[in-house]
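Biologist: I'd like to learn how to read strands and helices in a model. Could you walk me through some?

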Amino acid sequence: MRNLVIGGGIVVTMDSGRRVIEGGTVHLRDGRIAAITGPNEAITTTESAEIIDATGMLVLPGLIDAHAHAGHALVKTLGSDDSATWFNACRQIYTLGSDEEFWHADAALFALERIKAGVTTGVSMLGGGDSISRTDHPGVADAHFSAIKQAGTRAMLAVGANRPPFPWRFRNWDHGEDERDISFERQLEVSRRIAASWHGAENERLSVALTYPVSRPDEPLPDGVTAELVTEHARQVRALSHELGLRFTQDGHREGSIAYAHDVQDLLGEDAFLSHSTNLTEADIAVLRETSASVVHNPSAVASIKGRCPVPELIDQGVTVAIGSDAPAPDRSGDMIRHMQQAMHYHRRHFRDDQILPPGKALEMVTIDAAKAIGMETEIGSLEAGKKADIVLLDLRKPHLVPANMPLHRAIYFANGADIDTTIVDGRILMRGRSVSSVDEGNVLDAADAAIAKALERTGLTSLLETRSGFWGQSRYD
């Protein structure tokens, strides 16, 4: 690994002083930040170091996506006008139509999207919705992580168990099995094996979290399933996370479910981060304060249409809030700059106040606050000596980002993921001048098309590729 010196840019440190250094220089050595120097200090280097001229660019910590889904990159265009159709397609493909090649192609495609959008760290649930975890066989996670390993991004994969009733039926195309009934115990065992193989791998660039579906006190349960059984399963997954020292995450909290997860199921703690968290009750917010659990706000998700995550109120209460893409999905991408902008407009519209959630706070929510939510704030999320060298360069010399004043302000309000020029993870250049070097882009795209075509054929869902009537339909309202 060559040492790097990034000079001439506007360095946005996101350190405790939130320093912004115009003409600053960032020195990288052995995959970490060795020093950050000011504009009046000469750029010095050794023969083994490469100098990157960042003139006209912002030098930022790598962006962090604290909640997304593995699998979705290949199904995001199916049934996009109808959520029910899309979720049904996800369930069929994930459980019965996908092989390890599918999960490898999906991870490679989303990693490529993230590299090109300056997202250096991403959390992904291994499956769809909040209820399908592909932990019937460790080969699925192996395929996912092998693609991430090649792409070079930093990743946390959340694995766990499905909702009862069990058994769940899966088809394993890679190991000579027909459809197979999978028990809760099998999913717990496979989750343990995945963690043993991948948590802390690649110089701690790859990690594993555990997850279990959200429960609500008033939810209807299938025949033969009791709230006591659900709670027992949830506690077993949580106990495994404690045993292995893994973060714990849940997808889809809303109105009363956070208090239930704490008071009844005993799941929360400062190592937990909870996505969506809409229409929260006072009891929910009190539990977040008490346990120091974090929240991941997904402002572009369907859940944020049906309910509201009270982000400004949570921040005022001292709760750590990150932003997640909840992507890829029919109506949203992995572009975290887009989601920052969406978050600001979302809450300003609610309060009718254009000063709510300022751009600096939005940037914190995809850098240092996101790092804290996923337990990595000592290593990433800001540009400081000793931290991992996860850095992106945003090109300000674009028509929509000129005139050249108030650079940080105009980047947050006007930029998009395509303005990222350079992406560096662990001191390794993954993209420079918009050209990705860690993977062959054409091969990634071709493999993605081939993998979803095979899955659609296996499940008989090829009709979903046709344009649906809802694309041109009139607006509907009740």
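This is a predicted model: local features need pLDDT of at least 70, side-chain atom pairs count only at pLDDT 80 or more; totals for chains, interfaces and linings use all residues.

Biologist: Which residues of α15 are buried?

Modeller: In α15 (residues 407-414), they are Pro407, Arg410, Ala411 and Ile412.

Biologist: How should I read the two sides of a strand?

Modeller: In a regular strand, side chains alternate between the two faces of the sheet. For β11, Leu206, Val208 and Leu210 lie on one side, with Ser207, Ala209 and Thr211 on the other, and all of them are buried. Because six of the six residues of β11 (residues 206-211) are buried, this strand is largely enclosed by the rest of the structure.

Biologist: Which strands pair with β11?

Modeller: One is β8 (residues 154-160), parallel to β11 over six bridges; here alanine 158 faces alanine 209. Another is β12 (residues 248-254), also parallel, joined to β11 by two bridges, with threonine 211 opposite threonine 249.

Biologist: And how do I read the sides of a helix?

Modeller: An α-helix has 3.6 residues a turn, so residues three or four places apart point the same way. Take α7 (residues 227-244): its buried residues include Val230, His233, Ala234, Val237 and Ser241. The buried residues of α7 pack against α5 (184-198), β11, β12, α8 (257-263) and β13 (272-278).

Biologist: How far does α7 reach from its first C-alpha to its last?

Modeller: Its 18 residues reach 26 Å, close to the 26 Å expected at 1.5 Å a residue. Just after α7, glycine 245 has a positive phi of about 70°.

Key: Residues are numbered from 1 along each chain as its sequence is written. Side-chain values use heavy atoms; hydrogens and water are left out. Buried means under 20% relative accessible area, exposed over 50%, partly exposed in between (1.4 Å probe, protein chains only). Helices (H or I, at least four residues) and strands (E, at least two) are DSSP runs, numbered from the N terminus. Two strands pair if DSSP finds at least two bridges between them. The expected span of a helix is 1.5 Å times one less than its number of residues. Contact means heavy atoms within 4.5 Å.
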